[in-house]
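Have the sequence and the 3D view at hand, and follow along.

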Amino acid sequence: FTPGHDHYHEALETGGLDARAKIVAWLGLAIAGVLTPWGQWPVLGAYGACWLLLCLALAAPLLKVLRRVIAASPFFLLLAVLLPFRPLEPGDHALALGPLTLSAAGSELALDMAAKATLSVACVAALASTESLAGVTRGMQRLGAPALFVTLMNFTFRYLLVLREETQRMKRARDARAFGGRWLWHARVVGLMIGSLFLRSIERAERVHQAMASRGYSGGAFAVEAEPAEPPFAQPSPPQTDVELWKAFIGPNADHYLATFKKFTDPAGPRFALTWHWPAFVFEPFLWFLYRKMYVYALIYAIGPAIAFYITQDLSADIVWRVMAGASANYIYFWHIKEQLAKIKGERGAGGESRQQLLGELGGVQPYVVWVGVGLLVLKIGLVVAMFKEGPPDGPKGTPGKSRPAGMTSV
């Protein structure tokens, strides 16, 4: 927190990228890292490279992010430090580190936990460094997050600022009384300050609640306001036709998609028709959904195949998800456009420049996803080459001992 700085509405220059894309990218990377099986160090290294590429693409302040990760590291590294000292289990062996005896399995588990926790905290810190809280809450609201969760996020952040103000006020009063704070018995003063801060926080919370209740707050969730609407004297441009709105929303390949969407229209209402979408099948499905700004489906298709492979240990699970994406991508995109255009038409004052701004924000494509796909392809090629260099996995290991003659069998 910087005194005199508006952290809530802080404008961050990240190439105009939508906040929802950042949320899906950073949280998707964190979830993928957490779901990585134990001991898959090349995969975790690949996720770390993806994190660095995203930071460079979004112009994240790396030093600021690293300082936040270091500040949060004691909270999640404490448990990791204790794991190597757990009792030895069958199949485990001891590691001698001077006078200490460590568990080999516990040490590897501690490293795995520390790596995953560091990646998760780094993703959250990078998101906080590349998007303001107002942008994050608006993005989560548009992604369909529960309104109560968004409200709690706003209250938590605002109350942290209240606590900071109370702490600074108490420090000024303490320093005005020539507090040195050099000796051990001065810790009693710090303890009294913490207790006083707790009591003042409760009183301040009561006053905040009374102020909100006097303004009509009844305890429900509130919506985060988007950008301010146009002034009433702004002259809107003539409204566009539906076809022009659809073309403006789709962007590239609009004519192709409109021809495909005709299969879903029926006098009785929209209906599903089997179509095929090659880009969603051939390339990574979640990248195509992210390219078209369908963030919820991008998150589903990023996590779903990983969970399916983790459960089944079968590579064919990825093919099943690709087939699902190829068969349903056009229909999902059709409904996505209908819902987003209905929101745009329902916005008050959404005419002229305001409508064009909403079309550009909610529709179109995100070219940076192409470079993300190229980076993932390079990482996949590297992992495949590394697997071929290591050779096939060892077969089942038998009990060591003397080799038996070929004709001898065990009963």
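Where is the place of His93 in the chain? His93 is found in the loop that runs between helix H3 (62-82) and strand S1 (94-97). Helices here are DSSP runs of H or I with at least four residues, strands are runs of E with at least two, and both are numbered from the N terminus.

Before going further, a word on the ground rules. This is a predicted model, where local features need pLDDT of at least 70 and side-chain atom pairs count only at pLDDT 80 or more, while totals for chains, interfaces and linings use all residues. Residues are numbered from 1 along each chain as its sequence is written, and side-chain values use heavy atoms, with hydrogens and water left out.

**The whole chain**

The secondary structure comes to 15 helices and two strands. Of the 411 residues, 35% count as buried. Buried means under 20% relative accessible area, exposed means over 50%, and partly exposed is in between (1.4 Å probe, protein chains only). Take contacts (heavy atoms within 4.5 Å) between residues at least 6 apart in sequence: 74% of them join residues at least 24 apart.

**Back to His93**

Leaving aside residues up to four places away in sequence, His93 touches Leu88, Leu102, Ser103 and Ala104. The C-alpha atoms of His93 and Ala105 are separated by 7.7 Å, and these two are 12 residues apart along the chain. His93 has 48% relative accessibility, so it counts as partly exposed.

**Cysteines**

How many disulfides does a search of the whole structure find? The search finds zero, a disulfide being a pair of cysteine sulfur atoms within 2.5 Å.

| Cysteine | Nearest cysteine sulfur | Distance |
|---|---|---|
| Cys50 | Cys123 | 9.8 Å |
| Cys123 | Cys55 | 8.0 Å |

Cys50 is buried, with a relative accessible area of 15%. Cys123 counts as buried too, at 0% relative accessibility.

Now look at helix H8 (residues 242-250) and helix H9 (residues 254-261), whose axes come within 9 Å and cross at roughly 120 degrees. H8 and H9 are therefore oblique to each other: angles under 35 degrees count as roughly parallel, over 145 as roughly antiparallel, 65 to 115 as roughly perpendicular and the rest as oblique. On the H8 side, Val243, Trp246, Lys247 and Ile250 make the contact, and H9 brings Ala254, Asp255, Tyr257, Leu258 and Phe261.

Note on methods:
Axes are lines fitted to C-alpha atoms, for helices over the stretch in contact, and angles run from 0 to 180 degrees between N-to-C directions.
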